[in-house]
Amino acid sequence: MMNKIVIVGAGHGGVQAATSLREMGFEGTIQLIAEEAHLPYQKPPLSKGFLNGKQTEENLVFRHANYYAEQKIDLVLGEKIRELDPQSQQLTAVSGRVFSYDKLIIATGARNRTLPSEVAPNAFYLRDLTDAQRLRPALDAVDTVAVVGGGFIGLEVAACASEAGKKVTVLEVQDRLMARVLPPVLSDIFLKKHQEMGVEVILQARVSREVLSEYDLVVVGIGVMPNQELAESAGITCHNGIVVNEYQQTSQPNVYAIGDCASHFNRFAGKQCRLESVQNAVDQAKIAASHICQKPLAYDSVPWFWTNQFDLKLQMAGINSDYDSYAFRGDLGANKFSIFYFNREKLVAVDSLNRPADHLAARKLIQAGSTPTKEQVEDINVKLGAI
Amino acid sequence: MPHITYIEPNGTAKTYDLPLGASLMEGAVQNGVSGIVAECGGSCMCATCHIYVDEAFVELLPEMEEEENEMLDGATAERLPNSRLGCQVRATNKLEGLVVRIPSVQ
C-alpha cells in the first residue's frame with residue numbers, strides 16, 4: 001500500500017508535482033519540503049520584474065498558504081535534507097528531523113557556479129529570493145556594477161541595473177554573448193542593444209581581482225550545477241545530474257527526479273541532457289505524478305525558454321544546437337523576427353525575437369514533427385498554425 | 001480591494017478579494033482556481049491564462065499591448081472579443097464585481 005509521497009524541493013517542479021498528484025487523484029500523504037523559509041515562489045522574475053521593482057514578493061508566490069492546507073499538502077519550510085537512505089526509505093534533515101516515504105521525488109534544482117573567493121570576495125550571486133532581496137538594495141546604493149558572465153542571468157541583471165541608472169560593465173570570457181544557446185546573429189543584436197543602452201560589454205574578458213576591484217558592486221552569473229549529491233551519496237546513478245528514464249524514475253525505481261537536477265534523454269535535443277527551465281521542471285513534475293498515480297505518460301515535451309532584456313523579448317522553442325540550414329521570418333531591421341532551424345530538412349528549433357505568435361506556432365509544429373517549407377516560413381502571410 | 005469572480009470551466013463560481021495590483025492570473029492561481037495554467041508565471045509568454053471578461057467590463061480594462069494581442073491569436077481556446085490574458089490585467093478599484101470565465105482548454 002503506497003501511501004506517502006515526499007517531495008524534496010519546492011521550486012516550480014516540486015510545487016507542480018504536489019499539485020498534479022492531487023489533480024490526478026492521489027489521496028495519500030504529500031509532504032513538500034522546502035529548504036527556504038519562504039512560501040514557494042516563482043524564480044524567473046527574480047532577474048527581471050522583481051529586480052527592477054515592478055513585481056513584489058506577493059506577486060511571486062505560487063499559491064497562498066491556505067491552498068496547501070485545502071489540498072492537504074503538508075508544506076514543510078526551512079528544512080534542508082542532508083541524507084537519503086533508500087533501504088529504509090528515509091530522509092534526514094540537518095535539523096535531525098526524519099521523513100519516511102513510500103515514493104520520493106527529488107526536485108532539488110541547481111546551484112550557482114562560483115568564482116574563487118580570492119578573485120571575487122564580495123560578489124553577489126542570484127539564484128533564490130534571498131539573493132534577490134539582498135541584491136536589490138545593494139544595487140540601489142552603488143554607481144558602478146560589473147556583471148561577470150554574458151549569459152541570460154547576467155544580461156538580465158545588466159539590463160535591470162542599467163535601466164535603474166547604473167553604469168554597468170559586462171565581462172564575458174567568450175567572444176560573443178549567450179554563445180552556448182544563440183547563433184551569432186542574435187548575439188550581435190543583444191550586444192548592440194546593451195551598448196546602445198549604455199552598457200559596456202567586454203568580450204574575451206580577463207576576470208581578475210584587480211579588474212573587479214574597480215567596480216562598486218560585482219554580480220556573477222556563470223552558470224549552475226545540479227544539486228545531485230543527495231541522490232549520489234545514496235548510490236543513485238548520477239552523471240551531470242540524476243539520471244532518469246522517460247517516467248522520471250532514477251536507478252532506484254521508487255525515487256524520481258525532476259527539473260534542473262535531472263538528466264534525461266531528450267528526443268528534441270537528440271541526446272542525454274539537463275534542461276534548466278520552468279517548462280522542463282513543470283512538465284517533468286506532471287510525468288512523475290502520472291507514473292505514481294499509475295496513469296503513466298512518457299516525457300515528450302518541446303523544450304522552451306525565454307529571456308527579456310530591455311525591449312528585447314526572446315523566446316526559444318526546441319534545441320538549436322544541431323542544424324544544417326535556417327530561414328528567417330519577419331523584419332530583422334526592426335528586431336522583430338524568428339529564425340527557423342532545420343536539420344536534414346526537419347524543423348528542429350525556432351528562436352523568436354519579439355514575435356510571440358511565431359513562438360507559440362513553433363512549439364506546436366515541433367511537437368507534431370511538422371516542417372514548413374522555407375518559402376512558407378519567409379512569407380509572413382502564411383499562417384504557420386495552419387500548416 | 002476589488003472582488004473578482006472566477007467561473008471555472010465546470011461552471012463553479014469562486015469569488016476572491018484581490019489586492020490592488022495583483023494580476024487576475026495571480027488571483028486565480030494563488031487561490032487554487034482551476035483552469036488557469038500560467039505556465040510562464042505571468043510573463044506574457046505562453047497564452048495559458050486565457051480568460052473571457054464580462055462584456056460590461058471590457059472597456060474598463062487597460063488597453064491591450066501588441067504582445068498580448070499576438071499571444072491571444074495563438075491561444076488554444078477560441079479567441080473572442082472579450083478575450084484577455086489574465087497575467088496582463090491587474091486588479092484596480094474600477095474592477096469591483098468583475099466576472100471572468102475560464103475556457104475549458106488552455
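Colleague: Which residue of chain B forms a salt bridge with A:Arg363, and how far apart are the closest N and O atoms?

Modeller: The model is predicted, and side-chain atom pairs count only at pLDDT 80 or more. A salt bridge is read from a side-chain nitrogen of Lys or Arg and a carboxyl oxygen of Asp or Glu, within 4 Å. Here the partner of A:Arg363 is B:Glu39, with the closest N and O atoms 3.2 Å apart. The interface of chain A and chain B holds 3 salt bridges by this rule.

Colleague: Which elements of chain A give two or more residues to the side that touches chain B?

Modeller: They are α2 (57-60), α3 (65-70), β19, β20 (312-318) and α10 (356-368) of chain A. The most comes from α10(A), with 6 residues.

Colleague: How should I read the area between chain A and chain B?

Modeller: The size of an interface is often given as the accessible area lost when the parts come together. For chain A and chain B that is about 2000 Å², with 46% of it on carbon and sulfur atoms. The contact involves 23 residues of chain A and 20 residues of chain B. Between the two chains, 11 residue pairs are in polar contact, both residues of a pair being at pLDDT 80 or more.

Colleague: Into which domains is chain A divided?

Modeller: There are domain 1 (4-111 + 224-292), domain 2 (114-220) and domain 3 (311-386). An interface between domains of one chain can be read from the area lost, as between chains. Domain 1 of chain A and domain 2 of chain A bury about 1500 Å² between them, 61% of it on carbon and sulfur atoms. On the domain 1 side, A:Ser47, A:Phe50 and A:Leu51 lose the most area to domain 2 of chain A, together 40% of what that side buries.

Colleague: How far apart are the C-alpha centres of domain 1 and domain 2 of chain A, and how many residues make the contact?

Modeller: The C-alpha centres of these two domains of chain A lie 29 Å apart. The contact takes 18 residues from domain 1 of chain A and 16 residues from domain 2 of chain A. As for polar terms, the count between these domains is 2 salt bridges, and 8 residue pairs are in polar contact, both at pLDDT 80 or more. A salt bridge also joins the side chains of A:Asp260 and A:Arg127, at 3.0 Å from N to O.

Colleague: Where is A:Leu135, and is it buried or exposed?

Modeller: A:Leu135 belongs to helix α4 of chain A. Its relative accessible area is 0%, so A:Leu135 counts as buried. Leaving out residues up to four places away in sequence, A:Leu135 touches A:Leu51, A:Phe124, A:Leu126, A:Leu217 and A:Val219.

Colleague: How many residues of α5(A) are buried, and what covers them?

Modeller: Of the 12 residues of α5(A), 9 are buried, so the helix is mostly covered, burial meaning under 20% relative accessible area. Among the buried residues are A:Leu155, A:Glu156, A:Val157 and A:Cys160. The cover includes α4 (129-140), β10 (144-148), β11 (167-171), α6 (184-196), β13 (217-220) and β19 (304-309) of chain A. Just after α5(A), A:Gly165 has a positive phi of about 90°.

Colleague: What does B:Thr48 touch?

Modeller: B:Thr48 is in the loop between α1 (24-31) and β3 (50-53) of chain B. At 7% relative accessible area, B:Thr48 is buried. Beyond four places in sequence, B:Thr48 touches B:Ile36, B:Val37, B:Ala38, B:Glu39 and B:Gln106. Of these, B:Glu39 is the salt-bridge partner of A:Arg363.

Methods: Residues numbered from 1 in each chain as written. Chains lettered and ligands numbered in written order. Predicted model: local features only at pLDDT ≥ 70, side-chain atom pairs only at ≥ 80, totals over all residues. Heavy atoms only, no water. Buried < 20%, exposed > 50% of the residue type's maximum accessible area, 1.4 Å probe, protein only. Helix = DSSP H or I, 4+ residues; strand = E, 2+ residues; numbered from the N terminus. Contact = heavy atoms within 4.5 Å. Domains from an automatic or database assignment. Buried area = accessible area lost by both parts, 1.4 Å probe. Polar contact = N/O pair within 3.5 Å; in protein donor to acceptor, adjacent residues only side chain to side chain.
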